Amino acid sequence: PAAPTASTWTHKSNTLRCLYRSKINLHFLSYIQVVIRRLPPCLTKEQLEEQLHPLPAHDYFEFCTADPSLYPHLYSRAYINFRNPEDILLFRDRFDGYVFIDNKGLEYPAVVEFAPFQKISKKKLKKKDAKAGSIEDDPEYRKFLESYCADEEKICANPEILLGEIEAKTRELIVRSTLKSPMPVWSFQVDMEY
């Protein structure tokens with residue numbers, strides 16, 4: 001066989017480059033969700049949609065407001081899932097570095113990137129709590145309400161009646177404290193026996 005010439009190697013390397021590029025493009029075609037980061041913290045979803053108008057065909061749009069616990073890095077962000085992968089490049093060219101201005105006049109240059117998680121997040125339906133709204137049926141709660149209402153009635157009662165109840169309780173405590181307990185008598189009897 002004839003030895004390969006320089007033109008043969010060049011042709012093969014160009015073919016490999018084209019094949020490699022097409023694989024990269026196919027790989028990036030699977031990414032169709034983008035995230036717009038570093039949006040103003042006070043921006044609303046409606047304001048963002050107004051500034052992004054006209055937005056290419058998409059089937060998912062989620063706006064996340066700024067989290068105050070991340071101060072000083074307060075930024076909003078938005079996730080968009082495009083139907084057509086070619087729209088991503090047009091969108092990136094248009095809005096990557098686009099300067100959004102908030103109501104205070106501060107400038108926020110946006111960053112458009114592929115979303116790290118390409119799946120569309122599902123809205124989790126919260127299960128209804130079986131005990132929600134059933135506290136009125138709870139027997140312990142009913143007992144508490146009865147005792148609470150009784151306490152309220154005592155507070156609202158005539159001050160003379162309350163004073164009488166207090167005096168009766170103090171007399172009862174005095175009588176209890178003046179009664180001798182059987183312990184000293186028993187200890188006295190033990191001492192006498194020895």
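Predicted model: local features only at pLDDT ≥ 70, side-chain atom pairs only at ≥ 80, totals over all residues.
Helix α2, residues 45-52, lies across strands β1, β2 and β3. Its direction makes an angle of about 130 degrees with β2.

The strands β1, β2 and β3 belong to an open sheet of four strands, in the order β2-β3-β1-β6, with antiparallel pairing. At the edges are β2 (58-64) and β6 (111-114), each of which pairs on one side only. From one strand to the next, the twist averages 20 degrees. Strands of a sheet pair through backbone hydrogen bonds, and the pairing can be parallel or antiparallel.

Two of the pairings can be followed residue by residue. Strand β1 (residues 33-39) runs antiparallel to strand β3 (residues 76-82), and five bridges join them. Glutamine 33 stands opposite asparagine 81 in β3, and valine 35 has tyrosine 79 of β3 as its bridge partner. On the other pairing, β2 and β3 are joined in the antiparallel sense over six bridges. There, cysteine 64 is found opposite arginine 77 in β3.

How enclosed is β3 by the rest of the structure? Six of its seven residues are buried, so the strand is largely enclosed.

Is glutamine 33 buried or exposed? Its relative accessible area is 2%, and buried means under 20%, so glutamine 33 counts as buried. Leaving aside neighbours within four places in sequence, its contacts include Tyr60, Tyr79, Asn81, Glu113 and Phe114. Ala115, Phe117, Gln118 and Lys119 are also among them.

The whole protein can now be laid out. It has six helices and six strands, and along the sequence they follow the pattern α-β-α-β-β-α-β-β-β-α-α-α. Of the contacts with a separation of 6 or more, 64% are between residues 24 or more positions apart. Buried residues make up 16% of the 194 residues. The protein exposes about 16,200 Å², and carbon and sulfur atoms supply 60% of that area.

Part of the surface is a nonpolar patch formed by Phe144, Leu145 and Tyr148, which together have about 290 Å² of accessible area. Leucine 145 lies in helix α4 (residues 139-156). Its relative accessibility is 32%, so leucine 145 counts as partly exposed.

Charged side chains make a separate topic. The structure holds five salt bridges. One of the pairs is aspartate 93 with arginine 92, whose closest N and O atoms are 2.9 Å apart. Aspartate 93 is exposed, at 53% relative accessible area, whereas arginine 92 is partly exposed, at 36%.

Another salt bridge brings together the side chains of aspartate 137 and arginine 142, at 4.0 Å from N to O. Aspartate 137 is exposed, with a relative accessible area of 55%, while arginine 142, at 45%, counts as partly exposed.

A further salt bridge links arginine 171 to glutamate 167, with 3.9 Å between the closest N and O atoms. Where do these two residues lie? Both are in helix α5 (residues 159-178), four residues apart, which is about one turn of the helix. Arginine 171 counts as exposed at 52% relative accessibility, and glutamate 167 as partly exposed at 38%.

Key. Residues numbered from 1 in each chain as written. Heavy atoms only, no water. Pairing = 2+ DSSP bridges. Axes fitted to C-alpha atoms, helices over the stretch in contact; angles between N-to-C directions. Contact = heavy atoms within 4.5 Å. Patch = residues over 30% accessible without salt bridge, like charges linked within 9 Å, V, L, I, M, F, W, Y side chains within 5 Å. Areas by Shrake-Rupley, 256 points an atom, 1.4 Å probe, with all protein chains shown as cover. Buried < 20%, exposed > 50% of the residue type's maximum accessible area, 1.4 Å probe, protein only.
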